Amino acid sequence: MTRPLIDIQNVFKRFRHTEILHGVSLQVQPGEIVGLVGPSGCGKTTLIDLIVGLTTPTSGSVTLDGEQAPYSNARKTLGYMPQDTALYEDITAFDNIRFFGALQGMSKRDIADSAARSLKLAQLQNSERTVVRTLSGGMKRRLSLAVALLSGPKILIMDEPTVGLDPVHRAALWNSFRLLADQGAALLVTTHVMDEAAHCDRVAFMRDGTLIYCDKPESITAHTDTVSLEEAFIKLVCREERGGLHA
């Protein structure tokens with residue numbers, strides 16, 4: 001097996017006297033989409049912050065392409081779409097892309113060459129000259145994705161990327177995610193929508209700061225003798241509460 005592009009090993013995270021993550025381990029291989037699934041407050045965003053280097057683990061390790069934060073090399077191939085959009089509202093979509101591309105150290109030529117591709121993947125190819133504050137919430141989410149895709153990252157971290165999108169654009173984005181994975185990228189996507197999680201190669205269930213199960217969607221439903229990931233999650237939680245989860 002090739003070296004994972006995302007490698008999380010026995011990570012604990014504590015804020016003052018509160019432990020948020022309890023020994024989380026997870027790997028994402030090149031060409032793989034892993035869905036990180038769990039209710040609000042379960043630790044998904046904290047784990048994402050650790051992966052992209054916004055904070056550091058209390059113990060354990062996180063590496064991207066074999067490198068620990070602050071990722072002097074891996075950051076060049078890292079794309080990150082945060083849960084909250086971080087865009088400049090009074091300039092155009094293209095100007096936002098040009099600005100964030102420059103922050104990543106991209107040349108004007110590289111930005112120009114990549115902008116059309118990333119806007120097309122985000123279904124915004126006809127909105128590059130539109131001022132951001134006039135865009136809908138869903139379009140702003142897609143522009144955040146276009147920014148994350150600009151450098152052609154081989155590691156892509158997305159925190160609830162389809163929030164606020166209609167079903168058509170949601171499906172189109174998942175098709176784009178699959179295309180990126182087919183080209184060798186490693187994608188980690190947080191969601192609490194079980195229908196979306198079914199599109200992932202593997203699904204990692206989180207609850208109360210712990211990774212309770214991780215496997216292929218069809219393997220999870222087979223293991224729990226259920227017909228949906230939502231039903232499987234509920235069954236795994238109940239099993240864990242009874243102290244009978246061994247996986």
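## Met158 and the nonpolar cores

In this predicted model, Met158 touches Met81, Leu145, Phe177, Leu187, Leu188, Val189 and Thr190, leaving aside residues up to four places away in sequence. Met158 also belongs to the largest nonpolar core, which holds 31 residues. Together with Ile33, Phe177, Leu187, Val203, Phe205 and Ile220, Met158 is among the residues that touch the most other members of that core.

Another core, of 27 residues, lies apart from the largest one. Its members include Leu5, Leu47, Val52 and Ile157.

Met158 is part of strand S7 (residues 155-159), where five of five residues are buried. In a regular strand, side chains alternate between the two faces of the sheet. In S7, Ile155, Ile157 and Asp159 point one way, while Leu156 and Met158 point the other way.

Strand S7 runs parallel to S6, and four bridges join the two strands. Within this pairing, Leu78 stands opposite Ile155. S7 also pairs in the parallel sense with strand S8 (residues 186-191), over five bridges. Here the bridge partner of Asp159 is Thr190, a residue that Met158 touches as well.

## The largest pocket

The largest pocket has a volume of about 550 Å³. It is lined by 18 residues, of which Leu78, Tyr80, Phe100, Gln104 and Val147 are the closest to its centre. By type, the lining comprises 12 nonpolar, four polar and two charged residues.

Strand S6 (78-81), helix H2 (93-103) and helix H4 (137-149) each supply at least two lining residues. The largest share, four residues, comes from S6, the strand that pairs with S7.

Key: Residues are numbered from 1 along each chain as its sequence is written. This is a predicted model: local features need pLDDT of at least 70, side-chain atom pairs count only at pLDDT 80 or more; totals for chains, interfaces and linings use all residues. Side-chain values use heavy atoms; hydrogens and water are left out. A nonpolar core is a set of buried Ala, Val, Leu, Ile, Met, Phe, Trp, Tyr and Cys residues joined through side-chain atoms within 4.5 Å. Buried means under 20% relative accessible area, exposed over 50%, partly exposed in between (1.4 Å probe, protein chains only). Contact means heavy atoms within 4.5 Å. On a 1 Å grid over the protein atoms alone, a cavity is a set of points where a 1.4 Å probe fits but cannot get out, and a pocket is an open set with protein on both sides within 12 Å along at least five of seven lines; lining residues have an atom within 4 Å of a point. Grid points are joined across faces, edges and corners, and a volume is the space filled by probe spheres set on the points. Ala, Val, Leu, Ile, Met, Phe, Trp, Tyr, Cys and Pro count as nonpolar, Asp, Glu, Lys and Arg as charged, and the others, Gly among them, as polar. Two strands pair if DSSP finds at least two bridges between them.
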